[in-house]
Amino acid sequence: MATSTVPQVRTWTRVLLAMMLMALGVWVFLLPLAGPYFGFGFDTATRWRFSQLHWVTGLAAGVAIFLGGALVMSRRRLLEEIGGLAALAGGVWLVVAPSLHQVWSPTALAPQPAGAWHTAWLWIGCFYGPGAVAIYLSARAQALSRRSAAYDSPATRPSRPTAQSTSPENEPSLVR
């Protein structure tokens, strides 16, 4: 009997994608709070500061990415799709929030004064990098969910070999 390995590969890939999304969500959430410990504080050098700026630009996106990753691990396709969309929304928000911040706030979103390279790494490490990775991982998770949905549909499911009936009615007769 031939067995397919697609469900097993899908499970491991889904779990890996979910764990990566959850780790990325933890990074995005903790970076504004614990970043000043290792010189990676974006707008403040104060540690564990929960400001409105932090909630709007990073913490909410980190929560969305983490919960999206947790939902991607679900066995229900609807929850997988919702999780992928939540992680996608968090990633897109990280990419566009720095540009949109000046629309709703009179204060500028700016990193701590540092050298040009350090400032560039702050922008990439806090917003653009995690946002791009979250968009990529959530797109992969959604594609995996869609592919498994196509595989699971009866029309595209590979047919199993059927055993030929060996009843006397189906046997060719030598005597007529």
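User: How many cavities of 30 Å³ or more does the count come to?

Analyst: The count comes to 3 cavities of 30 Å³ or more. A cavity is a set of points, on a 1 Å grid over the protein atoms alone, where a 1.4 Å probe fits but cannot get out; grid points are joined across faces, edges and corners, and a volume is the space filled by probe spheres set on the points. This is a predicted model, in which local features need pLDDT of at least 70 and side-chain atom pairs count only at pLDDT 80 or more, while totals for chains, interfaces and linings use all residues. Residues are numbered from 1 along each chain as its sequence is written, and side-chain values use heavy atoms, with hydrogens and water left out.

User: What makes Arg 14 and Glu 80 a salt bridge?

Analyst: A salt bridge requires a side-chain nitrogen of Lys or Arg within 4 Å of a carboxyl oxygen of Asp or Glu. The closest N and O atoms of Arg 14 and Glu 80 are 3.7 Å apart, and the pair therefore meets the rule.

User: Why is Arg 14 called buried?

Analyst: Buried means under 20% relative accessible area, exposed over 50%, and partly exposed in between, with a 1.4 Å probe and protein chains only. Arg 14 has a relative accessible area of 3%, so Arg 14 is buried. Glu 80, at 5% relative accessibility, counts as buried by this rule.

User: Why is Gln 142 called buried?

Analyst: The relative accessible area of Gln 142 is 15%, so Gln 142 is buried. This residue is found in helix 4 (residues 116-152). Not counting residues up to four places away in sequence, Gln 142 touches Glu 81, Gly 84 and Leu 85, where contact means heavy atoms within 4.5 Å.

User: What makes a set of residues a nonpolar core?

Analyst: Such a core is a set of buried Ala, Val, Leu, Ile, Met, Phe, Trp, Tyr and Cys residues joined through side-chain atoms within 4.5 Å. The largest has 21 residues, and those with the most contacts inside it include Leu 21, Phe 42 and Ile 65. Helix 4 gives the most to this core, with 7 residues.

Definitions and conventions. Helices (H or I, at least four residues) and strands (E, at least two) are DSSP runs, numbered from the N terminus. On a 1 Å grid over the protein atoms alone, a cavity is a set of points where a 1.4 Å probe fits but cannot get out, and a pocket is an open set with protein on both sides within 12 Å along at least five of seven lines; lining residues have an atom within 4 Å of a point.
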